[in-house]
Amino acid sequence: MKIDIVSVFPEYFDVLNLSLFGKAQAKGLVEVKAHNLRDWTHDVHHSVDDTPVGGGAGMVMKPEVWAECLDDLLGLAPAVVEATANAADTAGTEVPTSDVATMADVTTEDASPDIIATAVDAAPSSDESADVSGTPVVPADRPVLIFPNPSAPLFTQRDATELSHAGHLLFGCGRYEGYDARIPSYYRAQGVDVREYSIGDYVLNGGEVAVSVMLEAITRLLPGFMGNAESIVEESYTGDNALLEHRQYTKPAEWRGIRVPDILLSGDHGKVDRFRRDEALERTNEIRPDLIEQLDCKALDKADRKT
Ligand code: 6GU
C-alpha cells in the first residue's frame, strides 16, 4: 500500500519509522511518504492560507497550493483553467473565454479520457464488491484522497476495513480553520475517490493527529502487519456484530484479594464463551447503547436475547 501524507508539519509523521509501522515499511507492506505542502508554493513567504471569504475568524487553506500538490501526487494533469491562464501569461495571447472553465463547469466530462475511464470502471454500483462481512471494498488500483475534517461523518471500523484494500491512500492535513471547500469538490469531479472524515466529537488543532489515528486503524488490518491475525478478529468494533469486548484477566487467579471470575478457570470452553458473550452484551448495553441499536437481530442467538 502506497501512502502519501501532505502537511505543513511533515516531521510530525517521523514516528511512523518506529514500532510496528516501521517494521511494516521495512517489510515493504507499506510505503509512506510525508510531504510538506509549502514545497508547492511559489511566493517568498510560502503561504498556504488566506482569510475566509464572507468574514470570520482564522485562516483557510488556499485551493491553488493544494491543487498543485494533489495534481502532482495523483499524477493528474493541471486543470485547463490554470494551464490556459499560464500560457496566456507567458505567451501574451488572448484567452478565448470559452476555454476558461469555472468550478460549475467541472464535471467528469471535463476530465482527461484516462481519468474518466478509471472513474467509470470504479464507479460504485448496486453490486459493488464487498468482503465476507458485507463491508465495501475499494478497488486497489484507484487512489483514495482523504481529508480529516471535524465537520465530516465519523470514521469507523467499517471505513478502516474498506480502505485497507486500497493500493494508494493520499491524506491531506488541514490546519487553521480548515481548507477551501472547492478542493474536495474539484477532485471528486475529476473522478477521484475523495473522503472526508472526523475522528470524534471534539476539536483538534489540525488533521495530523486524525490522520495518524486513521492510518493506524487502516494499516493494522493489512495481512502480515500484525503478528497475530486472530487478535484482530476478536476485537471490539469488528464484524457485523460490533460489541465492546469482554474484560480480560491474566494470572494470578487471585491478586490483592480480587479473584478472576471462576468460570474462566473452569476449563469449560463453552461456558467461557457464553460468559464472555454475556459480558460483552451487558457492557455494550450499559456503555454504548447506540451500538446495541445498530446490531443486526439475525446475529443474536437465543441466549443473547435473554441477556
Ligand atoms: Cl478529522 N480534524 C480536526 N481538526 N479536529 C477533529 C477531527 C479532525 N476529528 C475530530 N476532531
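Colleague: How many helices and strands does the protein chain have?
Modeller: The model is predicted, and residues that count as buried make up 24% of the 307 residues of the protein chain. Of the contacts with a separation of 6 or more, 72% join residues 24 or more positions apart. The secondary structure comes to 12 helices and 9 strands.

Colleague: What is the order of the strands in the open sheet of 5 strands?
Modeller: In general, strands of a sheet pair through backbone hydrogen bonds, either parallel or antiparallel. In this open sheet the pairing is parallel, and the order is S2-S1-S6-S5-S7.

Colleague: Which strands are the edge strands of that sheet?
Modeller: The order of the open sheet is S2-S1-S6-S5-S7. An edge strand pairs on one side only, and this holds for S2 and S7.

Colleague: What is the average twist from one strand to the next?
Modeller: The sheet is open and has 5 strands with parallel pairing. From one strand to the next, the twist averages 20 degrees.

Colleague: Which residue in S2 is the bridge partner of Ile3?
Modeller: Strand S1 covers residues 2-7, and its parallel pairing with S2 runs over 6 bridges. In S2, Ile3 has as its bridge partner Val32.

Colleague: Which residue in S7 does Pro148 stand opposite?
Modeller: S5 covers residues 144-148. S5 and S7 run parallel and are joined by 5 bridges. The residue of S7 opposite Pro148 is Tyr197.

Colleague: Why is S7 largely enclosed by the rest of the structure?
Modeller: S7 is an edge strand, pairing on one side only. A residue is buried if 20 or more other C-beta atoms lie within 10 Å of its own. S7 is largely enclosed because the buried residues number 4 of the 5.

Colleague: How many residues of the shell around the ligand are charged?
Modeller: The residues that surround the ligand include Pro148, Asn149, Pro150, Ser198 and Ile199. Also among them are Tyr202, Val203, Leu204 and Ala210. The shell divides into 7 nonpolar and 5 polar residues, and the number of charged ones is none.

Colleague: Is Asp201 buried or exposed?
Modeller: The UniProt annotation "binding site", from an unreviewed entry, covers Asp201 as well as Gly174, Ile199 and Gly200, among others. Asp201 lies in the loop between strand S7 (193-197) and helix H7 (207-219). Because Asp201 has 7 C-beta neighbours inside 10 Å, it counts as exposed.

Colleague: Which residues is Leu204 in contact with, leaving aside its neighbours within four places in sequence?
Modeller: Leu204 is in the loop between S7 and H7, and it is one of the residues that surround the ligand. With 14 C-beta neighbours inside 10 Å, Leu204 counts as partly exposed. Beyond four places in sequence, the contacts of Leu204 are Val209 and Ala210.

Colleague: Which peptide bond is cis, with omega near 5 degrees?
Modeller: Most peptide bonds are trans. Pro252 lies in the loop between helix H8 (229-233) and strand S8 (254-255). The cis bond, with omega near 5 degrees, is the one from Lys251 to Pro252.

Colleague: Is Arg256 buried or exposed?
Modeller: Arg256 is not a glycine, yet it has a positive phi of about 50 degrees. Its place is in the loop between S8 and strand S9 (258-259). With 5 C-beta neighbours inside 10 Å, Arg256 counts as exposed.

Colleague: What distance separates the C-alpha atoms of Asn17 and Val32?
Modeller: Asn17 is in the loop between S1 and helix H1 (19-26), and with 12 C-beta neighbours inside 10 Å it counts as exposed. Asn17 and Val32 are 15 residues apart along the chain, and their C-alpha atoms are separated by 9.3 Å.

How values were computed. Residues are numbered from 1 along each chain as its sequence is written. This is a predicted model: local features need pLDDT of at least 70, side-chain atom pairs count only at pLDDT 80 or more; totals for chains, interfaces and linings use all residues. Helices (H or I, at least four residues) and strands (E, at least two) are DSSP runs, numbered from the N terminus. Two residues are in contact if their C-beta atoms, placed from the backbone, lie within 7 Å. UniProt positions are given in the numbering used here, feature names are shortened, and annotations may be inferred rather than shown by experiment. Two strands pair if DSSP finds at least two bridges between them. Axes are lines fitted to C-alpha atoms, for helices over the stretch in contact, and angles run from 0 to 180 degrees between N-to-C directions. A residue is near a molecule or strand if its C-beta atom, placed from the backbone, lies within 6 Å of it. Ala, Val, Leu, Ile, Met, Phe, Trp, Tyr, Cys and Pro count as nonpolar, Asp, Glu, Lys and Arg as charged, and the others, Gly among them, as polar.
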